[in-house]
Amino acid sequence: MTDHVPNEARVIPLRPPGARPHGNRPAAAPSRQGPPAAPAAKEPLWRDLVGDVLRRERLAQERTLRDVADAARISMPYLSEVERGRKEASSEVLAAAARALGLGLGDLLSRAQGELTRATSRYAGSGRRGASTSSFDGLCLAA
């Protein structure tokens, strides 16, 4: 430990270069996994769905980001982040953005829930046992 220069970072690799993650496993060890499965489709995040609904509604009304942000009394960069699904907005911010677009919070959340149902129904049969056919599909929102 005394052979490194004092004011430089010392990098210790976790694996030697070119090593595989299971490189230390003995060659005769039986694999517990079956054939490689197709990558599972990812469920969309709630913030992405809500942001998509807000953006679609804003564009349908032919309004600018600045116009809606000013009406909602939130910053334009923050509203942009919410629309892109980068920020997890509070219920107060979502309600303000929805009101600025002429929607209620329930309308916004209902539209996002519809998007979630459509998105998850695309792959509901792939691996989910006893998939529900309910229009709510197990979604529960609490205020």
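Biologist: Helices are DSSP runs of H or I with at least four residues, strands are runs of E with at least two, and both are numbered from the N terminus. In what order do the elements of the protein chain run from the N terminus on?

Modeller: The order is α-α-α-α-α. The count is five helices and zero strands. This is a predicted model, where local features need pLDDT of at least 70 and side-chain atom pairs count only at pLDDT 80 or more, while totals for chains, interfaces and linings use all residues. Residues are numbered from 1 along each chain as its sequence is written, and side-chain values use heavy atoms, with hydrogens and water left out.

Biologist: How much of the protein chain counts as buried?

Modeller: Of its 143 residues, 26% are buried. Buried means under 20% relative accessible area, exposed means over 50%, and partly exposed is in between (1.4 Å probe, protein chains only). The accessible surface of the chain is about 11,100 Å², computed by the Shrake-Rupley method with a 1.4 Å probe, and for residues only the protein chains shown count as cover. Carbon and sulfur atoms hold 53% of that surface.

Biologist: And what share of the contacts with a separation of 6 or more comes from residues 24 or more positions apart?

Modeller: That share is 60% in the protein chain. Contact means heavy atoms within 4.5 Å.

Biologist: Helix packing next. At what angle do the axes of helix 1 and helix 5 cross?

Modeller: Roughly 115°, and the axes of helix 1 (residues 46-60) and helix 5 (residues 105-121) come within 9 Å. Axes are lines fitted to C-alpha atoms, for helices over the stretch in contact, and angles run from 0 to 180 degrees between N-to-C directions.

Biologist: Which residues make that contact?

Modeller: Helix 1 contributes Trp-46, Leu-49, Val-50, Val-53, Leu-54, Arg-56 and Glu-57. Helix 5 contributes Leu-108, Leu-109, Arg-111, Ala-112, Gln-113, Glu-115 and Leu-116. By class, the contact of helix 1 with helix 5 has nine nonpolar, one polar and four charged residues. Ala, Val, Leu, Ile, Met, Phe, Trp, Tyr, Cys and Pro count as nonpolar, Asp, Glu, Lys and Arg as charged, and the others, Gly among them, as polar.

Biologist: How do helix 2 and helix 3 pack?

Modeller: Helix 2 (residues 65-72) and helix 3 pack at about 105°, with their axes 9 Å apart. That angle makes helix 2 roughly perpendicular to helix 3; the cut-offs are under 35 degrees for roughly parallel, over 145 for roughly antiparallel, 65 to 115 for roughly perpendicular, and oblique for the rest. The contact is made by Leu-65, Arg-66, Val-68 and Ala-69 of helix 2 and by Met-76, Leu-79, Ser-80 and Glu-83 of helix 3.

Biologist: Ser-80, then: buried or exposed?

Modeller: Ser-80 counts as buried because its relative accessibility is 14%. Ser-80 sits in helix 3 (residues 76-83). Not counting residues up to four places away in sequence, Ser-80 touches Arg-55 and Leu-65.

Biologist: Where is Arg-84?

Modeller: Arg-84 is in the loop between helix 3 and helix 4 (91-100). At 37% relative accessibility, Arg-84 counts as partly exposed. Leaving aside neighbours within four places in sequence, Arg-84 is in contact with Asp-48 and Arg-55. Arg-84 and Asp-48 are 36 residues apart in sequence and 6.6 Å apart, C-alpha to C-alpha.

Biologist: Backbone check: what is phi of Glu-62?

Modeller: It is near 55°, a positive value in a residue other than glycine. Glu-62 lies in the loop between helix 1 and helix 2.
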